[in-house]
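The following note was prepared for a colleague who wishes to examine this assembly chain by chain.

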4 protein chains.
Amino acid sequence: MSSAVVEEKETGRIEAFSDGVFAIAITLLILELKVPHLPAGAPGGALAAALIEQWPSYLALVTSFFAILIMWANHHMMFGLIRRVNAPFLYANGLLLFVVTVVPFPTALLAEYFEKPAASVAAAVYGGTFVVGALAYNLVWRTAIAGRRLLRSDVSEERIDKLTRSYRVGVPLYLVATAGAFVHPAITVAICTSLSVNCIATSNRT
Amino acid sequence: MSSAVVEEKETGRIEAFSDGVFAIAITLLILELKVPHLPAGAPGGALAAALIEQWPSYLALVTSFFAILIMWANHHMMFGLIRRVNAPFLYANGLLLFVVTVVPFPTALLAEYFEKPAASVAAAVYGGTFVVGALAYNLVWRTAIAGRRLLRSDVSEERIDKLTRSYRVGVPLYLVATAGAFVHPAITVAICTSLSVNCIATSNRT
Amino acid sequence: MSSAVVEEKETGRIEAFSDGVFAIAITLLILELKVPHLPAGAPGGALAAALIEQWPSYLALVTSFFAILIMWANHHMMFGLIRRVNAPFLYANGLLLFVVTVVPFPTALLAEYFEKPAASVAAAVYGGTFVVGALAYNLVWRTAIAGRRLLRSDVSEERIDKLTRSYRVGVPLYLVATAGAFVHPAITVAICTSLSVNCIATSNRT
Amino acid sequence: MSSAVVEEKETGRIEAFSDGVFAIAITLLILELKVPHLPAGAPGGALAAALIEQWPSYLALVTSFFAILIMWANHHMMFGLIRRVNAPFLYANGLLLFVVTVVPFPTALLAEYFEKPAASVAAAVYGGTFVVGALAYNLVWRTAIAGRRLLRSDVSEERIDKLTRSYRVGVPLYLVATAGAFVHPAITVAICTSLSVNCIATSNRT
């Protein structure tokens, strides 16, 4: 078997494992959504009201779903530039996957406390998770470009620099989202959502 | 690596990710089925009765399982016509996957309230989920055929038109299923089930 | 792209989806194992005793894990003989996957009631699940061999007949395991376990 | 289809199934992390305190996540040396996957009891799980190298011996971690963590 095939296979398996983790984490989000338990004789209106009252759960679910989807799309795009993996890259990727698997927890936390006095702490934990996620992304990317050994040879220096700059922007933006939690928890959600919308809109334009 | 290979690989990874989400969502359905907790000395008859009493859970489980399976089979068939993906397609597919991951929630809701006064609201939420799912399917398909750039070149205009018409039918049918909930919740389940049975029967005939 | 490649890809995706369902169902089994909740000051001996008292859960977990693993290994082997899939095969396979996703429920039921008076009902449900699983296997296999259109051309009639006979045996054996539950629930577990052990031993010999 | 392709495909599917189990087990760890339920009017400080009080859960989560990640990386590396699979290998691999799926349970046990009197029992169960995991790894490896039939022909005797020695070391080290639980549960966690860190550091150096 030629060396090129071995390399490609190796990238393939780390991609498959990462895809699995992304797919499971994004699907587990729904487990945090609880069916409201009402007294046996409760009328339809009471169920409708109980479902509507859970709106912070839906908001948190949608925000986290699209945040993970975008992380997956970025991961997918980044791996398109990579021709082989080494151990530091594998573990940097592992750290990123750790953050991805963690997302359902701050999502449930935000949903539970969004309308309570402790909302700012919950929102700060939520924002902080994405700060760590953005840092992990930068670590994975820096490991990938270190010495250019892992990248495909046809990736230009210009493209690398552009991606390095775009990944670097994520950290301060999510830090602002986290700090904003102490002004109002909605600020965290608004920034996270608009970052996602902006990311989708930008990628749809190019 | 030739451009054709890159394209195929990209379709492959979005398929693998989608397969993961479908597979997880369809398997998570079982988590909504709870083991009945009876007093320690309860006889076998009491357990049998408690298991039989859960029949709306089994009905909801089977209905949702085959609904997701059919969505997967359609997705599988649609991707057989596609040779490359772009960002709008990726996010339209993401929206469809969102609906797929959500299905366990209305399923649990329907199971919990099917024999209670709030059943019509639960059934309407259940039907409504599939309305959104049908809309997402149409969006994915429209994104795929926009400008014909994502489709394989050997897909005829005739086939495209036939599929466009068949996807369009889903939305009004599921809307009827949703509205029917307010007459009787069994109407929603009956329509959803017969749509699935019809879909399986049709595809088995061709 | 040649027709052979398309066919292989199609088999590949139904395999990937099935693998996902098998992998998730086998991993979800652990969620039925609950950490014992003891009073805060409980000593180590009390925790050890509580863990030992859960032995029916471990037994059910191990039995179901290896039952699903063997179903996967058989599925893997069967797909090695298949070169293309059609709609009836896809839905027969879907029915089999349904049984696979259901397994965590009778497993939890058996674990909960194994030492209680209702044990025979729980064990009968457990055994019955595998009866349905064995029936689904036969349906998948019959769909695969119908008209020989889905099989690889190098699969001999002899091999087909041998497999048909071996799949047919599963149904009566699991029926005996189910009926045995009403004599003693341990009979069901013993038969299921020895069927698995026998299956592993046989395949290791050849 | 040439025999080489069939063999490779077979290895591919057992890899895909194993990847699925690893990916799901590593992602399910988060389900053991519970959102603290506080009275409705609890201030942010109370939530922060409740989150900090859960530190053994985070410690257990991180330790188990990286332990599974390393098991996956080793599995990935080992499969790179294998060109075909047989039944004994498939079931030895199944035993290893069983331990992987089990990990969320001792993780939750350790998190629940780490600061309670029963901590040493919980830590011993945790360490013991990895002893069994290390034994399973040795079994998989021994099955792979038996008669050299499953290995790629370009794997040198020297490399095989080196790997055999390195896998053998895991068992006594995890036994020490398990026994250490009865001195202090932190010893188990410290040894498990340093084994992981050492493993990552070593692989990053080579």
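1. Chain A comprises 206 residues, of which 47% count as buried. The model is a predicted one, and the remarks below should be read accordingly.

2. The secondary structure of chain A consists of 8 helices and 0 strands. Read from the N terminus, the order of elements is α-α-α-α-α-α-α-α. Along the principal axes, the C-alpha atoms of chain A fill a box of roughly 70 × 40 × 30 Å. Among contacts in chain A between residues at least 6 apart in sequence, 79% join residues at least 24 apart.

3. The relation between copies deserves attention. In general, two copies of a chain are related by a rotation about an axis and a shift along it. Here, chain D can be superposed on chain A with an RMSD of 0.0 Å, by a turn of 90 degrees and a shift of 0.0 Å along the axis. The two copies are therefore related as by a four-fold rotation axis.

4. Which chains lack a direct contact? No contact joins chain A and chain C, and their closest C-alpha atoms lie 9 Å apart. The pair formed by chain B and chain D is likewise without contact, with closest C-alpha atoms 9 Å apart.

5. At the boundary between chain D and chain A, 31 residues of chain D are in contact with 29 residues of chain A. On the chain D side, two or more residues each come from helix 1 (3-28), helix 2, helix 3 (55-79) and helix 8 (185-205). The largest share, 9 residues, is given by helix 1 of chain D. By class, the residues of the side of chain D that touches chain A divide into 22 nonpolar, 7 polar and 2 charged.

6. Do the copies meet through the same or different surfaces? Only 10% of the interface residues of chain D are also interface residues in chain A, so the copies meet through different surfaces.

7. One helix pair at this boundary can be described in detail. Helix 6 (residues 119-145) of chain A packs with helix 2 (residues 44-53) of chain D at an angle of about 45 degrees, and their axes are 7 Å apart. Helix 6 of chain A is therefore oblique to helix 2 of chain D. From helix 6 of chain A, the residues Ser120(A), Val121(A), Ala122(A) and Val125(A) meet Gly44(D), Leu47(D), Ala48(D) and Leu51(D) in helix 2 of chain D. This contact has 6 nonpolar, 2 polar and no charged residues.

8. Between chain C and chain D, 31 residues of chain C are in contact with 29 residues of chain D. The elements of chain C that give two or more residues to its side are helix 1 (3-28), helix 2 (44-53), helix 3 (55-79) and helix 8 (185-205). Helix 1 of chain C gives the most, with 9 residues. The side of chain C that touches chain D divides into 22 nonpolar, 7 polar and 2 charged residues.

9. Helix 6 (residues 119-145) may also be considered in chain B, where it has 27 residues and reaches 39 Å from its first C-alpha to its last, close to the 39 Å expected at 1.5 Å a residue. Is helix 6 of chain B mostly covered or mostly uncovered? It is mostly covered, since 19 of its 27 residues are buried. Just after helix 6 of chain B, Gly147(B) takes a positive phi of about 70 degrees.

Methods:
Residues numbered from 1 in each chain as written. Chains lettered and ligands numbered in written order. Predicted model: local features only at pLDDT ≥ 70, side-chain atom pairs only at ≥ 80, totals over all residues. Contact = placed C-beta atoms within 7 Å. Helix = DSSP H or I, 4+ residues; strand = E, 2+ residues; numbered from the N terminus. Expected span 1.5 Å × (residues − 1). Buried ≥ 20, exposed ≤ 12 C-beta atoms within 10 Å, placed from the backbone. Nonpolar A, V, L, I, M, F, W, Y, C, P; charged D, E, K, R; others polar. Least-squares fit on C-alpha atoms with pLDDT ≥ 70 in both. Axes fitted to C-alpha atoms, helices over the stretch in contact; angles between N-to-C directions. Parallel < 35°, antiparallel > 145°, perpendicular 65-115°, else oblique.
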